[in-house]
Amino acid sequence: MSRVPLSHFLLMVDATVGHVVWYNPENLSTLERYVDTQARENAYDLEANLAVLKLYQFNPAYFQTTVTAQILLKALTNLPHTDFTLCKCMIDQTHQEERPIRQILYLGNLLETCHFQSFWTSLEENRELIDGITGFEDSVRKFICHVVGITYQNIEYGLLAEMLGDPLDMQVKVWMNKYGWTENEDGQIFIHYQEESVKPKNIVEKIDFESVSSIMATSK
């Protein structure tokens with residue numbers, strides 16, 4: 001099967017949107033191919049993917065497990081945004097119990113609850129799930145670094161490596177450099193002072209006399 005460039009699919013999808021026919025079943029095959037293209041080319045279009053899941057809701061006979069799995073995995077690459085939860089809520093409970101959707105939902109739960117070491121262990125046991133999902137692991141590592149950045153002031157190098165899935169030492173260094181984290185002589189990695197992230201917000205309530213007088217008048 002010949003591969004259609006992402007740019008071509010974008011034009012097709014734009015045309016679909018322009019004619020306001022998102023939920024026309026005749027467009028489903030185009031949108032499904034677009035999902036596969038996103039997976040291969042490390043692109044992402046939540047609106048189009050939600051349209052696919054909505055079409056499956058309207059037309060249960062057209063449901064495709066493989067496409068749904070791709071949509072869920074792509075949603076995980078966009079954590080910490082709530083895309084994964086949005087997609088999950090549009091999948092019938094019966095389908096949620098099917099393989100591989102059940103395994104992907106489990107992986108998603110591990111990530112959302114920050115059980116990162118367990119996530120990598122489970123992923124290693126089910127590596128076939130991410131076949132064809134370009135950039136999946138690095139997208140997850142980006143999310144993990146986001147969590148580390150808002151949670152830790154200092155973290156042990158070994159723990160960070162575990163949380164990142166025990167990549168090569170050089171890869172850990174790449175992520176550290178990306179976020180400006182530094183390692184001291186004790187093997188501790190300095191993230192940043194969390195106090196610097198706490199920004200107090202002054203809340204000013206403005207109530208004019210007319211508003212107060214009208215409330216008092218109605219309470220009499």
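**Before starting**

The model is predicted, so local features need pLDDT of at least 70 and side-chain atom pairs count only at pLDDT 80 or more, while totals for chains, interfaces and linings use all residues. Residues are numbered from 1 along each chain as its sequence is written, and side-chain values use heavy atoms, with hydrogens and water left out.

**Stop 1: the whole chain**

Of the 220 residues, 40% count as buried. Buried means under 20% relative accessible area, exposed over 50%, and partly exposed in between, with a 1.4 Å probe and protein chains only. Among the contacts with a separation of 6 or more, 62% are accounted for by residues 24 or more positions apart; contact means heavy atoms within 4.5 Å.

**Stop 2: helices α2 and α3**

Select residues 28-41, which form α2, and residues 46-58, which form α3. The two axes come within 10 Å and cross at roughly 135°. Axes are lines fitted to C-alpha atoms, for helices over the stretch in contact, and angles run from 0 to 180 degrees between N-to-C directions. The helices α2 and α3 are therefore oblique to each other: angles under 35 degrees count as roughly parallel, over 145 as roughly antiparallel, 65 to 115 as roughly perpendicular and the rest as oblique. On the α2 side, the contact residues include Leu28, Leu31 and Glu32, and on the α3 side they include Val52, Leu55 and Tyr56.

Now select Asn42, in the loop between α2 and α3. Asn42 has a positive phi of about 55° although it is not a glycine, and at 43% relative accessibility it counts as partly exposed.

**Stop 3: Tyr62**

Move to Tyr62, in the loop between α3 and α4 (65-76). Leaving aside neighbours within four places in sequence, Tyr62 is in contact with Pro25, Leu28, Glu32 and Tyr56. Tyr62 and Pro25 are 37 residues apart along the chain, and their C-alpha atoms are separated by 8.7 Å.

**Stop 4: two cis peptide bonds**

Select Leu79 and Pro80: the peptide bond between them is cis, with omega near 15°. Pro80 is in the loop between α4 and α5 (83-89). Next select Arg99 and Pro100, whose peptide bond is cis with omega near 0°. Pro100 is in the loop between α6 (93-96) and α7.

**Stop 5: helices α7 and α8**

Select residues 101-112 for α7 and 116-125 for α8; their axes come within 8 Å and cross at roughly 160°. The two helices are therefore roughly antiparallel to each other. Tyr106, Leu107, Leu110 and Leu111 in α7 meet Phe116, Ser118, Phe119, Ser122 and Leu123 in α8.

In the loop between α7 and α8, select Cys114. Cys114 has a positive phi of about 60° although it is not a glycine, and at 37% relative accessibility it counts as partly exposed.

**Stop 6: Phe119 and the core**

Finally, select Phe119. Not counting residues up to four places away in sequence, Phe119 touches Leu107, Leu110, Leu111, Phe136 and Val140. Of the 57 residues in the largest nonpolar core, Phe119, Phe136 and Leu160 touch the most other members. A nonpolar core is a set of buried Ala, Val, Leu, Ile, Met, Phe, Trp, Tyr and Cys residues joined through side-chain atoms within 4.5 Å.

Terms used:
Helix = DSSP H or I, 4+ residues; strand = E, 2+ residues; numbered from the N terminus.
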